[in-house]
Amino acid sequence: MPEACQSVTTTPGSLPLSSIAVEARHAVKAFGHGDHAVRALDDVSITINRGEFFTLLGPSGCGKTTLLRLIAGFEMPTSGIILLDGLDITYLPPNKRPVNTVFQSYALFPHLTVAQNIAFGLEMLGKPRAEVADRVARMLTLVKLEALAQRKVAQLSGGQQQRVALARALAPQPKVLLLDEPLSALDLQLRKEMQVELKRLQVETGITFVFVTHDQEEALTMSDRIGVMSAGKLQQVGAPRDIYTRPVNRFVASFIGETNFLAGQTVPGGVRLGCGAVLEVTGAKAGAVTLTVRPEQVRIEANGAGIPAVLQSLVYFGTDTHCHLALNDGAEVVARVQNPTGGDVGLAVGQAVGLRFAPGALQVLED
């Protein structure tokens with residue numbers, strides 16, 4: 001077992017040491033033994049930059065919370081190491097790490113006031129009374145709860161309780177704040193409001209946030225970078241726009257937003273679909289391939305120009321309408337059409353139309 005908190009030199013080609021907040025190297029976490037062992041993390045290596053809002057995104061059981069717990073020190077890896085500011089903290093106890101965690105349940109003390117909850121961690125660290133009072137006041141201002149400082153947390157709304165949990169976690173000024181699906185218990189409108197607040201807090205404090213969620217919208221709207229996980233493996237890491245527009249495989253394409261998958265065969269000049277249409281696509285390997293295109297990149301031609309299709313259904317979403325179409329071979333395509341002010345999209349179920357795709361919208365997927 002390596003000695004905790006020893007200095008580790010970065011590998012050639014990695015970011016300069018000063019720019020990396022958290023790093024996992026070949027992290028493996030297995031539960032159980034022998035043939036019955038389950039790998040919650042399977043050789044995961046990742047770097048999280050200082051001062052960024054990084055999101056671990058994936059379905060339940062993908063390993064994202066396990067990775068968060070390794071960073072927090074609540075779990076030890078089966079193999080691999082965890083670094084913080086270039087120091088090996090793999091086996092350092094949680095209370096010795098400059099890291100705080102905000103849980104889904106908030107874990108507040110109901111018998112204490114808002115101010116007392118925020119002060120609790122500082123008092124446990126033995127901070128002077130004047131420093132505690134000053135830090136609590138600044139945290140109350142940061143989360144906009146100054147008027148509720150003396151109220152018991154049981155008298156607060158869910159959104160207010162979440163702000164208290166954030167303030168309590170931020171008060172000791174951790175180097176890294178870990179957030180384990182903290183918005184999942186909130187209703188839709190409050191969740192959207194708190195997305196904005198979380199990003200504001202991260203920018204104002206400059207603290208590295210590592211956020212765990214299965215909600216694609218949360219990840220896309222708040223993150224500087226996203227790590228998409230599935231079955232214990234890291235599938236893709238990148239900026240939200242890159243993850244959405246250039247997914248590396250079918251899982252990422254399907255998990256991040258809606259998309260269409262089109263099966264085809266490579267031919268000279270592009271890819272031939274099952275319906276017979278040939279699409280101009282570069283970089284496709286020989287043989288069978290899968291293309292992906294987002295619904296907002298599908299264009300419907302009411303005059304029938306383009307790939308022949310029949311409109312199967314229309315689903316109204318307020319700002320836009322989702323048009324479900326069938327190609328001649330039965331393949332399904334969804335197009336998203338923005339609704340005009342005061343009217344509808346001017347299409348009808350059963351109508352024969354044509355499809356085109358926006359330039360550069362078609363992506364070739366890996367298996």
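Residues are numbered from 1 along each chain as its sequence is written, and side-chain values use heavy atoms, with hydrogens and water left out.

Confidence comes first. The pLDDT, which is the predictor's confidence in each residue on a scale from 0 to 100, averages 90 over the protein chain, and 95% of the residues score at least 70. Over residues 1-17, however, the pLDDT is below 50. That stretch has 33 contacts in the model beyond near neighbours in sequence, where contact means heavy atoms within 4.5 Å. Where pLDDT is low, the predicted coordinates should not be read in detail.

The opening pair belongs to an open sheet of four strands with the order E2-E1-E4-E5 and antiparallel pairing. Helices (H or I, at least four residues) and strands (E, at least two) are DSSP runs, numbered from the N terminus, and two strands pair if DSSP finds at least two bridges between them. Strand E2 (38-49) and strand E5 (87-88) stand at the edges with a single partner strand each, so one side of each is left without a neighbour in the sheet. Strand E1 (residues 20-31) and strand E4 (residues 79-84) run antiparallel and are joined by five bridges. Helix H1 (residues 64-72) packs on the sheet and touches E1, E2 and E4; its direction makes about 65 degrees with that of E2. Axes are lines fitted to C-alpha atoms, for helices over the stretch in contact, and angles run from 0 to 180 degrees between N-to-C directions. In the loop between E4 and E5 lies Asp85, which has a positive phi of about 55 degrees although it is not a glycine.

Helix packing is the next topic. Helix H4 (residues 158-170) and helix H5 (residues 188-205) pack at an angle of about 20 degrees, with their axes 11 Å apart. That makes H4 roughly parallel to H5, a term for angles under 35 degrees. The contact involves Gly158, Gly159, Gln162, Arg163, Leu166 and Leu170 of H4, together with Leu190, Met194, Glu197, Leu198, Leu201 and Thr205 of H5. By class, this contact has six nonpolar, four polar and two charged residues.

Helix H2 (residues 114-124) also packs with H4, at an angle of about 30 degrees and with the axes 7 Å apart. H2 is thus roughly parallel to H4. Here Val114, Asn117 and Ile118 in H2 meet Val164, Ala167 and Arg168 in H4. Another residue with a positive phi, near 45 degrees, is Glu181, which is other than glycine; its place is in the loop between strand E7 (176-180) and H5.

A further open sheet has five strands in the order E15-E19-E16-E17-E18, with antiparallel pairing. Its edge strands are strand E15 (298-301) and strand E18 (332-338), each of which pairs on one side only. Neighbouring strands of this sheet are turned by 45 degrees against each other on average, direction ignored. Strand E17 (residues 320-327) pairs with E18 in the antiparallel sense over seven bridges, and Ala326 stands opposite Glu332 in E18.

Technical notes: This is a predicted model: local features need pLDDT of at least 70, side-chain atom pairs count only at pLDDT 80 or more; totals for chains, interfaces and linings use all residues. Angles under 35 degrees count as roughly parallel, over 145 as roughly antiparallel, 65 to 115 as roughly perpendicular and the rest as oblique. Ala, Val, Leu, Ile, Met, Phe, Trp, Tyr, Cys and Pro count as nonpolar, Asp, Glu, Lys and Arg as charged, and the others, Gly among them, as polar.
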